[in-house]
Amino acid sequence: MAADEETCAHVPSGAGAAPHSDVHVPVLLDRCLELLAPAISGPGAVVVDATLGLGGHTAAMLAAHPSLTVVGIDRDPDALRRAAERLGPNASRVRFVHAIYDAIADALVQADVDSVDGFLFDLGVSSLQLDEDERGFSYARDAPLDMRMDTSRGITAAEVLNTYSHGDLARILRTYGEEKFASRIAAAIIREREKAPLTSSARLVELVRDAIPAPARRTGGNPSKRTFQALRIEVNGELDALRNALPAALDAVRPGGRIVVMSYQSLEDRLVKQAFAAVTQDRTPPELPVALPEYGPRFRLLTRGAETAGPDEIEANPRAASVRLRAVERLSGSGSGVT
């Protein structure tokens, strides 16, 4: 998936223009439930919803599995509060943890959990965050340039734009946004901030549009979406968090346990694909004539490549347009659980 097709997290390309709604529609809900069910349907099962958001997937899992306990992790305190309200009586079966999802080991200790049957990751910016104008994630509505998923800590997008050097700005735009005109956009930002600090998302959208050659603006949707993606990833350390979270989840899940990951842009999906490939391959040295059990795969793939949403779901829920789902199951005898 090219960067110019990416979504802002739980949202697809163009969703910056979506109207605010109190109705949160979980992406690929039925497929997630289907993939996780064999691992989490037993008595006393525990699943980690590593990106709780508004709790849509968790609500469905709790309803489908009456004895299930969920460890719900989110870096956004407001999301934790809103999810608890939404879950109502079932919230008593959720152990809410305020953390970035790469702190899985600490979250499990905090939740007093020593065995995990499943993990669900729904990566990126949640509907709650995108729909709140003051958070500054959307390029379709003017707002302060914040972009922090946890507004209680960390650097804002405005601080990045107003303090980073030309080289660093161009690097994050090129690396995290896969932006061909990264250097031109970075130069425009430097020129603008010399007049006055950049604080407005609408002004940034205007700068990016003017910096990109006219022919390149005619296709691919809003030309600023790659810049907004890059800033969001930089502000929230999203790729570093995912790099740390995937091996932690792979280590923590028990034999027979399953991990489902939904990503919405190519950089995240590539990391998931690589992490899953590494644990589903036979590592027997090629010079040996037979496979050795100790070098065998620790997991098996549950999906063939990356699964996407069908046209009916995309029509009903446009925020599913860019999702890529991958899933694995831990094999028996491959080690287990939390240490």
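The model is predicted: local features need pLDDT of at least 70, side-chain atom pairs count only at pLDDT 80 or more, and totals for chains, interfaces and linings use all residues. Residues are numbered from 1 along each chain as its sequence is written, and side-chain values use heavy atoms, with hydrogens and water left out.

**The whole chain**

- The protein chain has 14 helices and 7 strands. Both are DSSP runs numbered from the N terminus: helices are H or I with at least four residues, strands are E with at least two.
- Of the 339 residues in the protein chain, 54% are buried. Buried means under 20% relative accessible area, exposed means over 50%, and partly exposed lies in between (1.4 Å probe, protein chains only).
- The accessible surface of the protein chain is about 14300 Å². Carbon and sulfur atoms hold 52% of that surface. Such areas come from the Shrake-Rupley method with a 1.4 Å probe; for residues, only the protein chains shown count as cover.
- Take the contacts between residues at least 6 apart in sequence: 71% of them join residues at least 24 apart. A contact means heavy atoms within 4.5 Å.

**Helix 9**

- Helix 9 spans residues 201-211. Its buried residues are Ser 201, Leu 204, Val 205, Leu 207, Val 208 and Ala 211.
- These residues lie on the same side of helix 9, because they cover an arc of only 165° around the axis. The arc is that of the directions from the helix axis to the C-beta atoms.
- At the start of helix 9, a side-chain oxygen of Ser 200 comes within 3.2 Å of the backbone nitrogen of Ala 202.

- Leu 28 has a phi near 50°, a positive value in a residue other than glycine. Leu 28 sits in the segment before helix 1 (29-40). Its relative accessibility is 7%, so Leu 28 counts as buried.
- Glu 178 also has a positive phi, near 50°, and is not glycine. Glu 178 sits in the loop between helix 7 (166-177) and helix 8. Its relative accessibility is 30%, so Glu 178 counts as partly exposed.

**A buried loop residue**

- Phe 137 is in the loop between helix 5 (127-131) and helix 6. Phe 137 counts as buried because its relative accessibility is 2%.
- Phe 137 and Lys 225 are 88 residues apart in sequence. In space, they are 10.0 Å apart, C-alpha to C-alpha.

Note on methods:
A polar contact is a pair of N or O atoms within 3.5 Å; within protein, one must be able to donate a hydrogen and the other to accept it, and residues adjacent in sequence count only if both atoms are side-chain atoms.
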